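Welcome! Here are a few exercises to work through with the structure in view. Try each one yourself before you read its solution.

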Amino acid sequence: QQSLAEAVKEINKEPGRMVKVGFIGIGIMGRGMSLNLATKGFDLTVWNRSADKCADIVKAGAKQVGTPAEVIKACDITFACLADPAIAEAVALGPDGVVAGMGAGKAYVDCSTVDEACSTKIGAAVVAAGGRFLEAPVSGSKKPAEDGQLIFLAAGDKGLFGECEAAFAAMGKKSLYLGETGAGARMKLVVNMVMGSMMNAFAEAMSLADAGGLQSQDLLDVLDAGAMSNPMFRLKGPAMAQGNYPAAFPLKHQQKDMRLALALGDSLDVSMPVAAAANESFKKAKAAGRGDDDFSAVHSVLKK
């Protein structure tokens, strides 16, 4: 069976195929995503606001340039994974940004978690400049990004979705096409709203068990043996029991996603009392200085 790297090399031989890829945003998620592209045979060009964060990617074979516009000009398809809507818009629409380098034959795939309005604005600007646009926010955190096990929630240009198949396969385990631009953003907010609400309930359960004289490991064993067993509890629980919250998905980003999900609910007249309560806990943890810790650090402000 042909490996992914071999398949990419075969594609490189075919004229007219999009083979030069870019990556913008080498953060917690972007580092793992871009390293997978670099080590699996892709012709990769990268940019990050803090240039030193690109060192490992360059060592793996990528080229580094000085602006997002340069990435777009050098590549056929450019991926981005940025922290929030403000940064996503600044990188896409600002001086020497994505749109400044955009033109016919170029494509932009935004994997950032943003609201629908932000994604639609960026997409419209890309298309107006002659390019093609796909939103593809990811479900997964640091370890899945490193392991190439992300889930891409894509929407927008369907033809571009097909052309991204090999890159998605290098970075993830599944990619879904959800329809017109905005559907990916909405799906990601729904998914992260569930995740944040679950984490709050889990943290409350651990705090209640501890206050009631029960052992954390016993609680984890009971949960893992029943219908509520899930990878998040297994992965986060032992560290939470020790009061450790190493950042895989920063709490400040989870709170941002809860805020955006609640705003979506407001716009659609959907009542979300559980998510609203969870958001208040994340806000409390963020105010307590836990914003850069993992989102499981919400446990620290719920403990007795």
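A salt bridge is a side-chain nitrogen of Lys or Arg within 4 Å of a carboxyl oxygen of Asp or Glu. Before starting, note that this is a predicted model, in which local features need pLDDT of at least 70 and side-chain atom pairs count only at pLDDT 80 or more, while totals for chains, interfaces and linings use all residues. Residues are numbered from 1 along each chain as its sequence is written, and side-chain values use heavy atoms, with hydrogens and water left out.

**Exercise 1. Find how many salt bridges the whole structure has, then examine three of them.**

Solution. 
- Step 1: Searching the whole structure gives 12 salt bridges.
- Step 2: Take Arg 132 and Glu 163, whose closest N and O atoms are 2.8 Å apart. Arg 132 belongs to strand β6 and Glu 163 to helix α9 (residues 158-163), so this pair ties together parts that are 31 residues apart in sequence. (Helices, H or I with at least four residues, and strands, E with at least two, are DSSP runs numbered from the N terminus.)
- Step 3: Check the accessibility, where buried means under 20% relative accessible area, exposed over 50%, and partly exposed in between (1.4 Å probe, protein chains only). Arg 132 is partly exposed at 22%, and Glu 163 is partly exposed at 39%.
- Step 4: Now turn to Lys 236 and Asp 294, which meet in a salt bridge of 3.0 Å, N to O. Lys 236 is in helix α13 (residues 231-241) and Asp 294 in the segment after α15 (273-290), so to speak distant parts of the chain, 58 residues apart. Both residues, Lys 236 and Asp 294, are buried.
- Step 5: Finish with Glu 280 and Lys 283, also joined by a salt bridge (3.0 Å, N to O). They are separated by about one helical turn because they sit 3 residues apart in helix α15. Glu 280 is partly exposed at 44%, and Lys 283 is partly exposed at 36%.

**Exercise 2. Describe strand β5 and the strands it pairs with.**

Solution. 
- Step 1: In a regular strand the side chains alternate between the two faces of the sheet. In β5 (residues 107-110), Ala 107 and Val 109 point one way, Tyr 108 and Asp 110 the other way, and all are buried.
- Step 2: Two strands pair if DSSP finds at least two bridges between them. Strand β4 (residues 77-80) pairs with β5 in the parallel sense over 4 bridges, and Asp 110 is the bridge partner of Ala 80.
- Step 3: β5 also pairs with β6 (residues 132-135), in the parallel sense over 4 bridges. Here Ala 107 stands opposite Arg 132.
- Step 4: Between β5 and β6 the chain passes through helix α7 (residues 116-128), and this β-α-β crossover is right-handed. Right-handed means that, with the strands pointing away from the viewer, the path from the first strand over the helix to the second runs clockwise.
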